[in-house]
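Subject: Structure handover

Hi,

Here is the structure I promised to pass on.

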Amino acid sequence: MTGTPEPFTADDHRARMQRAARAAEEAGLAGVLVAPGPDLVWLTGYAPPAATERLTLLVLAAGQDPVLVVPTLEAPDAEKAVGAPALRLRDWTDGKDPYSATAPLLDASGRYGVSDNAWALHLLGLQKELPGTSYVSLSEGLPMLRAVKDSAELERLAAAGAAADATYEEILKVAFAGRRESDVAGDLADLLRHFGHEQVDFTVVGSGPNGASPHHEAGSRVIEHGDTVVLDFGGLKHGYGSDTSRTVHVGEPDAEEQRVHDIVRAAQQAACEAVRPGIACQDVDRVARAHITEAGYGDRFIHRTGHGIGVTTHEPPYMIEGEEQPLVPGMCFSVEPGIYLPGRFGVRIEDIVTVTEDGGRRLNETPREMAVVN
């Protein structure tokens, strides 16, 4: 996809809200309560001006119209949201009780799925008003709500992946040796923005021993000749995420560094090739982990193989032992095995993969060999 994508419409948001209400009913829930955050943006297109103590809450339930409860002073902005024509607004004014205004929309004895980032203040307020209600987080009650992407979402994810790939191709041209990790991280952030990201979420630059910490925050360490360097970066473009990792070497790697990289690369390749509809998420993890374990580094693969991606860079589904959710066409997630040798170096290779009708398709296409940088 080139240029700016076609915007989502009120009908798109209406379909998402209907889908969420149906999913809640099928899960035995009375409905879904959505606070400001990525779920609200995905469902309605509305992002409040700022997170405040004032209650904003989307109420979804099968058989009733969606209702967005908002503070009166923010109602004009809510009315302008793309999804506003597909819902009703109920506003409340300062000095009034927002929970008593919300209570008539809920089943007094219902169990509701609640967005993970809802404030405890608001949930406790609802519980006080309706003591017969109970709640479960959406990540537990409806973990797959946003997991299956439609064609427009897949186009945005592909564009974000292409921008991350372009960023990697350019970062290979910069100097590494003699510069701080934070300098290279700044280059990555600038390049992501140059290639269209409106938001940079992370720029991991783990050089030498720092590469053995998977989520190392780029710091003041000066990168040296002979370092292995883990690069992991991503953010949002047109509202959808990118996330890719490559491991480079300053100068030629030694035999062990190359061997470890080759093991990770083969594990990542095998896991990507395993992706297809119907297998469980944990099977992707098992394939990557078995390969690394057989090579003798199983205890140094210290994280899950992958995570979902969409309007956030980390979301369900998760590629980890115990996750029995079957893969479905349209799911998108990372495949990112790694090996981490404390005090020495680390290696990680990551692509975003989407499930197709008969397999999987990578959304990152840059070379996975260990690149040599200066």
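How many residues lie between strand 2 and strand 3 in their hairpin? Six. Keep in mind that the model is predicted. In the turn, Gly63 has a positive phi of about 85°.

Strand 2 covers residues 57-60. Leu57 and Val59 point one way from this strand, while Leu58 and Leu60 point the other way. All four are buried.

Strand 2 has pairings with two strands. With strand 3 (residues 67-71), the pairing is antiparallel and runs over three bridges. There, Leu58 stands opposite Leu68. With strand 1 (residues 31-34), the pairing is also antiparallel, over three bridges. Here Val59 is the bridge partner of Leu33.

The largest cavity has a volume of about 60 Å³. Leu33 and Leu57 are among the residues that line the largest cavity, and the lining also includes Trp119 and His122. Helix 5 (residues 120-129) gives the largest share of that lining, with three residues. By type, the lining has nine nonpolar residues, two polar and no charged.

Last, the annotation. UniProt, in an unreviewed entry, places the feature "domain: Peptidase M24" at residues 156-357. In the model, the end C-alpha atoms of this span lie 19 Å apart. The span is 32% helix and 26% strand.

Best wishes

Notes:
Residues numbered from 1 in each chain as written. Predicted model: local features only at pLDDT ≥ 70, side-chain atom pairs only at ≥ 80, totals over all residues. Heavy atoms only, no water. UniProt positions renumbered as here; feature names shortened; annotations may be inferred. 1 Å grid on protein atoms, 1.4 Å probe; cavity = no way out; pocket = protein on both sides within 12 Å on 5 of 7 lines; lining within 4 Å. Points joined across faces, edges and corners; volume = space filled by probe spheres on them. Nonpolar A, V, L, I, M, F, W, Y, C, P; charged D, E, K, R; others polar. Buried < 20%, exposed > 50% of the residue type's maximum accessible area, 1.4 Å probe, protein only. Pairing = 2+ DSSP bridges.
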